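Subject: Structure handover

Hello,

Here is the structure I promised to pass on. Please open it first and keep it beside you while you read the notes below.

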Amino acid sequence: MQPRNMSMSGVVDLAAVKAAGEAKAKAEQARAEAARHGGTAAVPPSALVIDVDEAGFERDVLQRSAEVPVVLDFWAEWCEPCKQLGPLLERLAVEYNGRFLLAKIDVDANQMLMQQFGIQGIPAVFAVVAGQALPLFQGAVPEAQIRQTLDQLIQIGEERFGLTGLAVDAGAEAGAEGAAPAARPAGPYDALLEAAMSALDAGDLAGAVQAYKNVLADDPEHPEAKLGLAQAELLSRVQGMDPQAVRKRAADDPADVDAQIAAADLDLVGGHVQDAFGRLVETVRRAVGEDRDKARLRLLELFEVIGPEDPRVTAGRQALARVLF
């Protein structure tokens, strides 16, 4: 889903730093020099993605952030959107070739860090640059949006703090015979799923919905397609909404089922998962007949967006059962 994206514009006053072109040129020159000399600065690609806990946070994140922007991925094993976002961030960390370091933090094992960053839901992504924490986004956002945010982060690191990243030794992890590992065989639906992601990146929500439906027509239980379809349909519904008008309508008339459903969609897109679930559970409790069923079905759709293993979905299903029975 595409939840609230915390834009980095305004975090740093770029007008107050040196000219962007000059700073970027200097940073690129420093990177090239470090790459030529190699030495102890060079790291293998696998070192661009690290697991971090509370004990090693200062060493692995705060200290490293003085030489490279560190992106923090707060995740958990039970979080379905995390399973979509995590591999994407790992792939981008390698693709960006040392321009940022990805630090993965299991929130179940590191509750203190979760509290210190004020995290309300996962996946949540932050960055630490020269010891300063910046919120990036929450939820599994489209790849194009992630790339744009990373580009901003790298630009800020270079222009304001002079961070030139890490030198990467691409040959450090060659196989025993020097051969690159074999590519993963293409799955039967990879082309359709890639088409769906490309459509999402291009803002073609209708195309993404259709691509996911094409997968589900052959495999109705395909987990990635089910999740993708639920997210794309949610984005389609909120596209063009006037959030202020929708929320005012819902606040003015709690009995207006359509208004509560629309507001719940906005809640979820904004990352307020429990608010969305609670709103619809209360609507189901109040409504009768077709209106009640309409609210119940929308709540079930929102459960699909988050994923069945998320404890908030489990709690939501229990709350729904209590008002239904």
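**A buried aspartate**

Asp265 is buried, because its relative accessible area is 1%, and buried means under 20%. Please keep in mind that this is a predicted model. Asp265 sits in helix H10, which covers residues 257-269. What does the side chain of Asp265 join in a polar contact? The partner is the side chain of Arg237, and the contact is 2.8 Å. Leaving out residues up to four places away in sequence, Asp265 touches Leu234, Arg237, Val238, Arg298 and Leu302.

H11 covers residues 273-286 and H12 covers residues 289-306. Their axes come within 8 Å and cross at roughly 160°. Which way does H11 run relative to H12, roughly parallel or roughly antiparallel? H11 is roughly antiparallel to H12, because the angle is roughly 160° and angles over 145 degrees count that way. The crossing of H11 past H12 is left-handed.

**Aromatic rings**

The count of aromatic pairs comes to 6. One of them is Phe57 with Phe117, an edge-to-face pair with 6.1 Å centre to centre and 75° between the planes. Phe57 lies in helix H2 (residues 57-63) and Phe117 in the loop between H4 and E5, so this pair ties together parts that are 60 residues apart in sequence. Are Phe57 and Phe117 buried or exposed? Both are buried.

Phe117 also pairs with Phe126. That pair is edge-to-face too, with 5.1 Å centre to centre and 75° between the planes. Phe117 counts as buried because its relative accessibility is 16%, and Phe126 is buried because its relative accessible area is 12%. Ring pairs link Phe57, Phe74, Phe117 and Phe126 into a cluster.

**Backbone points to look at**

Most residues other than glycine have a negative phi, and most peptide bonds are trans.

- The peptide bond from Ile122 to Pro123 is cis, with omega near 0°. Pro123 is in the loop between helix H4 (111-116) and strand E5 (124-129).
- Asn97 is not a glycine, yet its phi is positive, at about 55°. Asn97 is in the loop between helix H3 (80-95) and strand E4 (101-106). Asn97 counts as partly exposed because its relative accessible area is 38%.
- Ala130 has a positive phi too, near 50°. Ala130 is in the loop between E5 and strand E6 (132-138). With a relative accessible area of 34%, Ala130 is partly exposed.

Regards

Terms used
Residues numbered from 1 in each chain as written. Predicted model: local features only at pLDDT ≥ 70, side-chain atom pairs only at ≥ 80, totals over all residues. Heavy atoms only, no water. Helix = DSSP H or I, 4+ residues; strand = E, 2+ residues; numbered from the N terminus. Buried < 20%, exposed > 50% of the residue type's maximum accessible area, 1.4 Å probe, protein only. Polar contact = N/O pair within 3.5 Å; in protein donor to acceptor, adjacent residues only side chain to side chain. Contact = heavy atoms within 4.5 Å. Phe/Tyr/Trp six-rings, centres within 6.5 Å; stacked < 30°, edge-to-face > 60°. Axes fitted to C-alpha atoms, helices over the stretch in contact; angles between N-to-C directions. Parallel < 35°, antiparallel > 145°, perpendicular 65-115°, else oblique. Left-handed = near helix turned anticlockwise from the far one by under 90°.
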